[in-house]
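Colleague: I have a model open and would like to go through a few points. Can you take my questions as they come?

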Amino acid sequence: MKKLLLIFAIGTFYNATAQQFDKKLVLKQMILANDYFMQKWPETGKTIVTNKERPSNIWTRGVYYEGLMALHEIFPKEVYYEYAMSWSEFHKWGFNGGNTTRNADNYCAAQTYIDLYNLEPDSKKLKNTRANLNMLLNTPQLDDWSWIDAIQMGMPVFAKMGVLEKDNRYFEKMYQIYMYSRNQHGDHGLFNPKDGLWWRDADFDPPYKEPNGEDCYWSRGNGWVIAALAKVLAIIPENAPHREQYVKDLKAMAAALVPIQRPDGFWNVSLHDPTNFGGKEASGTALFVYGMAYGVNKGILKKEVYLPVIEKAWNALTKESLHENGFLGFLQSTGKEPKDGQPLSYDKIPDFEDYGLGCFLLAGSEIYKMK
């Protein structure tokens, strides 16, 4: 009850001063950030070298292309389409790990392959995606998504294929794997209905605690989940099975996030312990904006409560993370917990720049759609 009253109070307080988004400015900010990256990475097939060399169809780049396709949807510039096509063609529309991979990080790329297929159908584009998804569909395992990042990497692929093939088996399998992660991984499942948030994986569920004694809820990990829920709801039909479960979980997560937003508009990397590497973090914040903005746009979340939260976060991202040249600061590097990639700063370059941009573009694209 106290949490609900707090959310209502926040919504009431900010509603009086809420401003309309300037759509032209939002689009300009998205283009700026994306141009920076495309100019830095003109060769779409170039390997990514950090602590080791990796192919450019890994999950980090897959998330970037999710964001690029979201930008292309609202601003269909030919160069964006060509950039995504070049990447897909270079990798022969395939996956790191091949067609037998069960790792959602690897088949995340299929989200973009399916989008490109829908724009211009050609069977070669989905040869590998169909092979991989048919394997996942017809084998009994439900425990593939044992870390919550995987929910965002893999869940929308099943949703897109279910729509494309007009086959509810994809929706059913997606639901079964999601619910296994939610309720069965670790000792208690990875979702804590009491707090409305997710433990990143079984390493972080109780008795694991943060330094202040609270549960460990990693910002970006929870961002992946709310983004997945929003994206899946945007893909599947209104009458798709289990839709109400995803709506329920998105609403629970959004409600949990409102009272823990930082005064500056960001969220901390550790959602319930601001003393554990506290500070601004852009990737989790962008994903929360995306999930909440979708919820408001579709009437799932109350505009008077969530629009001020979204505005505050987007203003923080564009004023305190986005540089004049399009670089995004305060992005936590790859990892799975608050300490990874620390310390963060306005100028620090993360180990991968691509996925944070993808999150930013997803957020901006949903804000752009706001009425």
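Colleague: Which hand does the crossing of α3 and α4 have?

Modeller: The crossing of α3 and α4 is left-handed, as the near helix is turned anticlockwise from the far one by less than a right angle. Bear in mind that this is a predicted model, where local features need pLDDT of at least 70, side-chain atom pairs count only at pLDDT 80 or more, and totals for chains, interfaces and linings use all residues. Residues are numbered from 1 along each chain as its sequence is written, and side-chain values use heavy atoms, with hydrogens and water left out.

Colleague: At what angle do the axes of α3 and α4 cross?

Modeller: Roughly 150°, and the axes of α3 (residues 59-74) and α4 (residues 78-90) come within 10 Å. That makes the two helices roughly antiparallel, a label for angles over 145 degrees.

Colleague: Which residues of α4 make the contact?

Modeller: Tyr80, Tyr81, Tyr83, Ala84 and Trp87 of α4. From α3, the residues include Arg61, Tyr64, Leu68 and His72. Contact here means heavy atoms within 4.5 Å.

Colleague: Other topic. How many disulfides are there?

Modeller: Zero, by the rule used here, which asks for a pair of cysteine sulfur atoms within 2.5 Å.

Key. Axes fitted to C-alpha atoms, helices over the stretch in contact; angles between N-to-C directions. Helix = DSSP H or I, 4+ residues; strand = E, 2+ residues; numbered from the N terminus. Parallel < 35°, antiparallel > 145°, perpendicular 65-115°, else oblique.
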